Amino acid sequence: MSSAAEQEAVQDPAGRAVEPGRPPGRAAPVTVRSEITESTGITAGTEIAAGTGITAATEAVRAAPRAPVVWPGAPMPLGARFRVGPDGVAGTNFALWAGGAEAVEVCLFEADGAETRCPLTELTHEIWHGFLPGVRPGQRYGYRVHGRWDPWTGARWNAAKLLLDPYARAVDGTFTLPPEVYGHMRDWPDQHVADTVRDERDSAPYVPKGVVVHDDDDWVEDRRPKTPWADSVIYELHVRGFTKLHPDIPPELRGTYAGLAHPAAIDHLTRLGVTAVELLPVHQFAHEDHLLRRGLHNYWGYNSIGYFAPHADYSASGTAGQQVGEFKRMVHALHSAGIEVILDVVYNHTAEAGELGPMLSLRGIDNRGYYRLQHDPRRYADYTGCGNTLHVVQPQVLRLITDSLRYWVTEMGVDGFRFDLAAALARSMHDVDMLSPFLAVIAQDPVLRRVKLIAEPWDVGNGGYQVGAFPPLWTEWNDRYRDAVRDFWRGALPDVRDLGYRLTGSSDLYAWGGRRPYASVNFVTAHDGFTLRDLVSYEHKHNEANGEGNRDGTNDNRAWNCGAEGESDEPEINALRRRQLRNLLTTLLLSTGVPMLVAGDEMGRTQGGNNNAYCQDNEIGWLDWSLLEQPEWRELTALTARVLRLRQTHPVLRRRAFFSGRAQAPDGLRDLAWFARDGREMTEGDWYAPAATLGLYLSGRDIPGRDARGEPVTDDSFLAVLHAGADPVAFELPGAPWAERYELVLDTSREDQAEPPGTVLEGGTELTVPARSVLLLRVAA
């Protein structure tokens with residue numbers, strides 16, 4: 001149908017006809033005639049609900065607080081900005097883009113919930129604006145936006161719903177989802193048309209409010225680490241999950257930004273040797289209805305609704321604006337320790353879901369202006385699997401995203417972003433386009449082009465898989481690295497061609513357009529999927545706690561349980577699992593590219609086989625710090641720190657350019673060489689054959705580039721031997737010109753990694769490589 005007028009009559013549960021856009025059981029309001037206003041004080045044209053007496057209506061009007069004076073204000077900047085206005089009067093300027101709206105009211109709320117509505121009568125370039133004298137920081141507010149209700153054309157305005165300011169700097173209150181927060185009749189008997197029946201109940205008592213925040217210049221004293229990409233090591237963590245059970249963080253700070261800023265939390269990061277934390281979403285987010293109905297919550301936070309506001313539940317100091325300062329202090333503490341802060345951001349969709357979702361913000365401001373709609377405008381284009389997709393091609397949406405990004409860099413101090421489902425942002429009208437407006441704007445922005453940009457290079461739509469396709473400036477999550485390394489260590493690779501590329505920076509994916517090896521963010525695990533310990537303990541997901549019948553989460557885990565599903569009492573199985581953990585971590589940290597660790601993998605964290613713990617805000621999702629009381633997990637943490645120190649010490653392990661594989665000196669020594677078990681260099685045929693053993697030679701004397709003083713960069717040379725077989729093998733060490741002697745630096749077959757092995761071996765001799773192990777040897781002088 002093309003319009004409400006063409007819709008067949010809809011009936012309420014009692015069988016009564018309902019006017020399109022009118023909720024069931026409610027008669028049309030009465031319009032007040034001008035001749036009765038003189039004695040009552042009711043303004044002509046006021047609508048009064050049917051059945052309301054004139055006396056009662058008069059008393060309600062006289063009792064209502066008078067709206068404060070609204071001065072014209074300015075259309076920029078968008079949002080609620082406290083400032084000094086005309087004649088030195090302090091107040092707040094409100095500005096909201098609402099392109100197709102007919103009227104906009106800013107609604108101010110007192111502590112007891114009393115609401116004062118203030119019409120914004122100024123309209124400049126589709127921005128409604130006004131200055132409210134006397135409105136100061138801490139004021140709670142929202143918007144009511146008036147317009148047509150015509151879902152058949154995508155128009156879904158409903159002024160009964162209080163809307164969160166997209167530019168709100170802080171949010172006070174918790175999102176729950178009673179029927180009142182839906183723009184349509186959520187519980188309408190016929191769900192096929194439920195989204196077309198407007199719900200006129202007031203949502204204000206049930207939704208959080210924006211908070212006016214005072215801007216400051218705290219960042220003049222902050223010093224960013226500015227770690228080069230090639231030197232970076234990323235540690236993905238959840239603010240709440242990382243700190244919730246930490247015994248040395250005061251209880252009142254656990255689960256908060258202040259908890260992550262605590263010295264006990266930062267000490268673990270610095271001792272480990274990571275250079276950046278990548279925080280799971282900290283933009284204000286909401287919980288999905290299907291989770292709330294099951295008594296669960298969205299834990300990961302990939303359901304954003306406020307792109308400028310730090311998630312209030314992670315604040316220890318308060319939610320009336322205090323969360324902003326607490327977040328800044330956290331960033332400052334991490335910067336002081338030399339650790340950068342990268343935010344995982346979700347600009348591809350919002351918490352308003354599809355046409356049957358709640359009306360929280362953008363849907364009620366201008367549904368057609370913010371979201372991608374299908375040919376049937378009642379429906380949403382969904383490239384995200386979450387019900388909706390932001391229409392980034394629209395100038396106002398692109399401005400919302402880039403304004404948000406710049407705010408987090410310039411005013412909140414963050415150092416970069418990981419973009420969830422970034423391919424959805426790179427779509428033009430339909431297809432993914434690497435010349436899309438979003439990527440073009442980022443490339444020329446003087447602020448954003450200087451920070452770290454990480455793409456999750458896929459979405460769920462057609463043509464959405466774009467690994468290796470993002471332009472220079474961008475790095476990417478490399479899931480092909482994840483899959484190849486997992487398959488090698490579980491013995492499932494048909495040949496070793498793919499593994500060779502993954503270990504050396506994935507030049508087949510990234511050696512174009514001036515990109516470098518650090519375009520590849522290498523990872524074996526991420527928040528989404530098994531933890532590292534579960535990867536070697538389970539072959540099948542165990543997501544029953546999510547309440548979805550174990551149907552959620554991927555079935556493609558590429559995991560090996562080492563002989564038993566789940567936790568085991570068998571010493572041999574547990575020893576093998578710990579060895580596999582050492583192999584996987586060592587492989588990751590020695591590979592060319594940017595390694596990403598997941599919080600807790602270095603100490604054997606488990607989720608009990610749950611590979612989709614997005615709704616587990618409990619011991620399943622939280623990091624168990626008591627693991628460090630067990631010797632075997634302390635040793636794993638020590639190994640991780642030791643390999644990271646090796647990486648930091650040796651530039652040959654942090655290359656800024658791809659390997660050439662060509663001879664760089666008269667003796668024929670190349671910057672990269674591969675060796676088979678018999679000591680000969682691998683031939684083309686070797687790459688097409690199954691192999692459980694690889695030798696990787698990295699030359700430290702042929703590193704491209706120069707140091708800050710213009711001097712050549714030189715380093716030790718290394719031979720890494722990776723053996724995934726179940727039995728020990730003999731490996732002949734390459735002799736001259738590669739090396740006369742080798743010193744054994746690392747052996748993952750050993751539980752105790754406190755001291756390096758220190759064994760010296762002659763080139764050309766046979767070395768027994770233990771079953772399922774990594775050996776790292778340094779070329780000795």
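Mentor: The expected span of a helix is 1.5 Å times one less than its number of residues. Helices (H or I, at least four residues) and strands (E, at least two) are DSSP runs, numbered from the N terminus. This is a predicted model, in which local features need pLDDT of at least 70 and side-chain atom pairs count only at pLDDT 80 or more, while totals for chains, interfaces and linings use all residues. Residues are numbered from 1 along each chain as its sequence is written, and side-chain values use heavy atoms, with hydrogens and water left out.

Trainee: What does helix 17 reach from its first C-alpha to its last?

Mentor: Helix 17 has 19 residues and reaches 27 Å, close to the 27 Å expected at 1.5 Å a residue.

Trainee: Which residues of helix 17 are buried?

Mentor: Buried means under 20% relative accessible area, with exposed over 50% and partly exposed in between (1.4 Å probe, protein chains only). Among the buried residues of helix 17 are Trp 633, Leu 636, Arg 642 and Arg 647. The elements that cover the buried residues include helix 5, helix 15 (532–535), helix 16, strand 25, strand 30 and strand 33.

Trainee: At what angle do helix 5 and helix 17 cross?

Mentor: The axes of helix 5 (residues 263–272) and helix 17 (residues 631–649) cross at roughly 55° and come within 8 Å. Axes are lines fitted to C-alpha atoms, for helices over the stretch in contact, and angles run from 0 to 180 degrees between N-to-C directions. Helix 5 is therefore oblique to helix 17; angles under 35 degrees count as roughly parallel, over 145 as roughly antiparallel, 65 to 115 as roughly perpendicular and the rest as oblique.

Trainee: Which residues meet there?

Mentor: His 268, Arg 271 and Leu 272 of helix 5 meet Thr 637, Thr 640, Ala 641 and Leu 644 of helix 17, where contact means heavy atoms within 4.5 Å.

Trainee: Changing topic, where is Ala 599 found?

Mentor: Ala 599 lies in the loop between strand 25 (594–598) and helix 17.

Trainee: Is Ala 599 buried or exposed?

Mentor: Ala 599 is buried, because its relative accessible area is 9%. Leaving aside neighbours within four places in sequence, Ala 599 is in contact with residues including Tyr 235, Phe 242 and Leu 623. Ala 599 and Thr 531 are 68 residues apart in sequence, and 9.3 Å separates them in space, C-alpha to C-alpha.

Trainee: And the sheet: in what order do its six strands run?

Mentor: The order is 26-27-28-33-30-31, in an open sheet with antiparallel pairing. Strand 26 (672–675) and strand 31 (760–762) are the edge strands, each pairing on one side only. Two strands pair if DSSP finds at least two bridges between them. From one strand to the next, the twist averages 25°.

Trainee: Which helix packs on the sheet?

Mentor: Helix 16 (residues 571–590) does, touching strand 28, strand 30 (741–747) and strand 33 (773–780). The direction of helix 16 makes about 40° with that of strand 33.

Trainee: How many bridges link strand 27 and strand 28?

Mentor: Strand 27 (residues 693–698) and strand 28 (residues 718–723) pair over six bridges, in the antiparallel sense. Tyr 697 stands opposite Leu 719 in strand 28.

Trainee: Finally, how many helices and strands does the protein chain have?

Mentor: The protein chain has 18 helices and 33 strands. Of its 781 residues, 58% are buried.
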